[in-house]
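Work through the exercises below with the coordinates open. Try each task before reading its solution.

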Amino acid sequence: MADLQMALEEAFKLNRDIERFLKFTTYPDYCDLSGLDIDFNDGEQLLIWEELRVITDRLADVQDFISYLARPIVEMSRLRKGIAEKYRTAKGHYYDCGSIIEALVSDEYHEVPYWTRTTVEHNGKDYYLVGYRSVPMKSLRVRVRSAG
């Protein structure tokens, strides 16, 4: 029976294939398929191009998720308010609107605290975790991964 670690290793292998495919389609160069040679007067090619556009967008998202998991954790810290009322880690990594954050949260669905990846937003008074508004940012345990 496969376990979680084996599944992650398979995802890393898959990511290499996704990267190769995206490069072949010129997606990394243009963030779309505009680098492909296509006859825009051919209805069949337009269908294939449109379907491949959807596929490459989704594969780029999958690649981002898998790549995130491959990045090493470089800091584990508790948040505190810093300059301009933004929350920051002990090593100075700060969060503001749109920032991706990996936080240790608790909820009624899980018996133990768990790590989650979400974003930070501001409601006009203070920052909060998207999807976890009731979780206070002050003293929140967070992890920071190396830059991708």
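Helices here are DSSP runs of H or I, at least four residues long, numbered from the N terminus. The model is a predicted one.

**Exercise 1. Salt bridges in a helix**

Task: Find which residue E50 forms a salt bridge with, and state how far apart the closest N and O atoms are.

Solution: 
- Step 1. The partner of E50 is R53, with the closest N and O atoms 2.5 Å apart.
- Step 2. Check the spacing. D57 and R53 are four residues apart in helix α3, so about one helical turn separates them.
- Step 3. Join the pairs. E50, R53 and D57 are linked in a network of salt bridges.
- Step 4. Classify exposure. E50 is at 30%, so E50 is partly exposed. R53 is partly exposed at 28%. D57, at 27%, is partly exposed too.

**Exercise 2. A pair between strands**

Task: Find which residue E102 forms a salt bridge with. Are E102 and R145 buried or exposed?

Solution: 
- Step 1. E102 forms a salt bridge with R145, the closest N and O atoms being 2.8 Å apart.
- Step 2. E102 sits in strand β5 and R145 in strand β8, so the pair ties together parts 43 residues apart in sequence.
- Step 3. Both E102 and R145 are buried.
- Step 4. For scale, the whole structure holds 11 salt bridges.

**Exercise 3. The largest nonpolar core**

Task: State which residues of the largest nonpolar core touch the most other members.

Solution: 
- Step 1. The core has 16 residues, and L79, I101, L129, M137 and L140 touch the most other members.
- Step 2. Assign strands. At least two residues of this core come from each of β5 (100–105), β6 (114–122), β7 (127–129) and β8 (141–145).
- Step 3. β5 gives the most, three residues.
- Step 4. Inspect L129. Beyond its neighbours within four places in sequence, its contacts include I101, A103, V105, M137 and L140.

**Exercise 4. Cysteines**

Task: State how many disulfides there are, and classify C31 and C97.

Solution: 
- Step 1. Require two cysteine sulfur atoms within 2.5 Å. The count is zero disulfides.
- Step 2. C31 has 58% relative accessibility, so C31 is exposed.
- Step 3. C97 has a relative accessible area of 45%, so C97 is partly exposed.

Notes:
Residues are numbered from 1 along each chain as its sequence is written. This is a predicted model: local features need pLDDT of at least 70, side-chain atom pairs count only at pLDDT 80 or more; totals for chains, interfaces and linings use all residues. Side-chain values use heavy atoms; hydrogens and water are left out. Buried means under 20% relative accessible area, exposed over 50%, partly exposed in between (1.4 Å probe, protein chains only). A nonpolar core is a set of buried Ala, Val, Leu, Ile, Met, Phe, Trp, Tyr and Cys residues joined through side-chain atoms within 4.5 Å. Contact means heavy atoms within 4.5 Å. A salt bridge is a side-chain nitrogen of Lys or Arg within 4 Å of a carboxyl oxygen of Asp or Glu.
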